[in-house]
Amino acid sequence: MTEATVNLLDFDAQGLAAFCETLGEKRFRATQLFRWIHQRGASDFAQMSDLAKSLRDKLAGRASVTALRAIKQHESRDGTVKWLFDVGGGNAVETVFIPEDDRGTLCISSQAGCAVGCRFCSTGHQGFSRNLTSGEIVAQLWFAEHFLRRKLATDQRVISNVVMMGMGEPLQNYARLVPALRTMLDDHAYGLSRRRLTVSTSGVVPMIDRLAADCPVALAVSLHAPTDELRDALVPLNRKYPLAELLAACTRYLAHAPRDFITFEYCMLDGVNDQPSHAKALIALMRAHAADGLRCKFNLIPFNPFPQSGLLRSPAASVQAFAKMLNDAGIVTTVRKTRGDDIDAACGQLAGDVRDRTRVAERMARQHTVVLHRMPRLTPAAPSAAQPAAARRAASADFI
């Protein structure tokens, strides 16, 4: 792609129609072009036989369909496929396809790295480089869908579900995320159902409200703790948007959501957040907000350890006991099946390769290290939720 050209993967349907108008073409030409790019996987304008030659000539001089370059591909014993994509500037992101009997799910990255810095996430320990463009987000689906069709020798859609759960915090890249979501939903592109397109967030409250207005899809929230004190330690964004604000935003989102519940993700950490006392606190928290209209399901995620975290996976018996307590309390709870862990493609393992502008590794190395998985370190007399954020931050400093 030369400097003067634009990447058509950056455009949703409306953006592509506006671009066609700049070429002196009718807006309906954009629909034809959109189908060729996304439904057929075409990148060569000469192949687009039902477009006028004059339009194809204009496109050849002004535009391109530029996919991401796959640096590596790994296939798991369970059929999971992970790609490492070059996004330039020394950065690379990971994308994962997870096949199931009744669906095919693609886990897509939204940033090169992540600035949130959740304690249990290897991406967060790697730091942050930059936001991906809309085209780079869509290109992961474009590449995977058409690669898998060729591999399986089928003309039928292979990817039925997309989850924005790869590298990065999607709602911190909002302006580029929404056009990408609209392309995935468009019937002339991938035709995904809003129920089968999920954005996962660690809790960027203002953007949850904006997503409800602009492009409501299924919402998953990385919760991981029943109290602000503990969540401050595990998910630093909680210090800005504490649980009461986050759960209120989730309740508001339900008025627009394609599903009648919010999914809460809860990574099970041995001795940190997996005890009966944590389950009881979580039940009390959910019941308090259910009175305001919050409906939810929980997805318990076995932690995938990595050396820098200082954390351990909860024993299977603890996970099952925790799930039973929630289910017995009337909260629908499932345990996520671990997939692709033999190729580091499981939840929380995506790390890619980024040039960290946040210098997170250096900052973490300077931190006073306290082992999070020892339960006694997490049960001091804690400040109440009514105390100001500064007091809660001081309390949580013992945990990180």
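I began with the surface: the protein exposes about 17,100 Å², and carbon and sulfur atoms supply 51% of that area. I note here that the model is predicted.

Next I looked up the make-up of the chain. The protein has 400 residues, and 54% of them are buried. I found 13 helices and 14 strands in it. I then took the contacts between residues at least 6 apart in sequence; 67% of these join residues at least 24 apart.

**Entry on Arg157**

Where does Arg157 sit? I found Arg157 in the loop between helix H5 (134–152) and strand E9 (161–164). Its relative accessible area is 44%. Exposed would need over 50% and buried under 20%, so Arg157 counts as partly exposed. Arg157 forms a positive surface patch together with Arg195, Arg196 and Lys297.

**Entry on Ala67**

I moved on to a residue in another loop. Ala67 lies between strand E2 (63–64) and strand E3 (69–75). Its relative accessibility is 29%, so I wrote Ala67 down as partly exposed.

Which residues does Ala67 touch, not counting those up to four places away in sequence? I listed Leu9, Ala139 and Trp142. I also checked Ala67 against Ser43, which is 24 residues away along the chain. The C-alpha atoms of Ala67 and Ser43 are separated by 8.5 Å.

**Recap**

For Arg157 I recorded a place in a positive patch, and for Ala67 a set of contacts.

Note on methods: Residues are numbered from 1 along each chain as its sequence is written. This is a predicted model: local features need pLDDT of at least 70, side-chain atom pairs count only at pLDDT 80 or more; totals for chains, interfaces and linings use all residues. Side-chain values use heavy atoms; hydrogens and water are left out. Patches are made of residues with over 30% relative accessible area and no salt bridge: like charges are joined within 9 Å, nonpolar side chains (Val, Leu, Ile, Met, Phe, Trp, Tyr) within 5 Å. Accessible areas come from the Shrake-Rupley method with a 1.4 Å probe; for residues, only the protein chains shown count as cover. A salt bridge is a side-chain nitrogen of Lys or Arg within 4 Å of a carboxyl oxygen of Asp or Glu. Lys and Arg count as positive and Asp and Glu as negative; His and the chain ends are not counted. The place of a charge is taken as NZ of Lys, CZ of Arg, CG of Asp or CD of Glu. Helices (H or I, at least four residues) and strands (E, at least two) are DSSP runs, numbered from the N terminus. Buried means under 20% relative accessible area, exposed over 50%, partly exposed in between (1.4 Å probe, protein chains only). Contact means heavy atoms within 4.5 Å.
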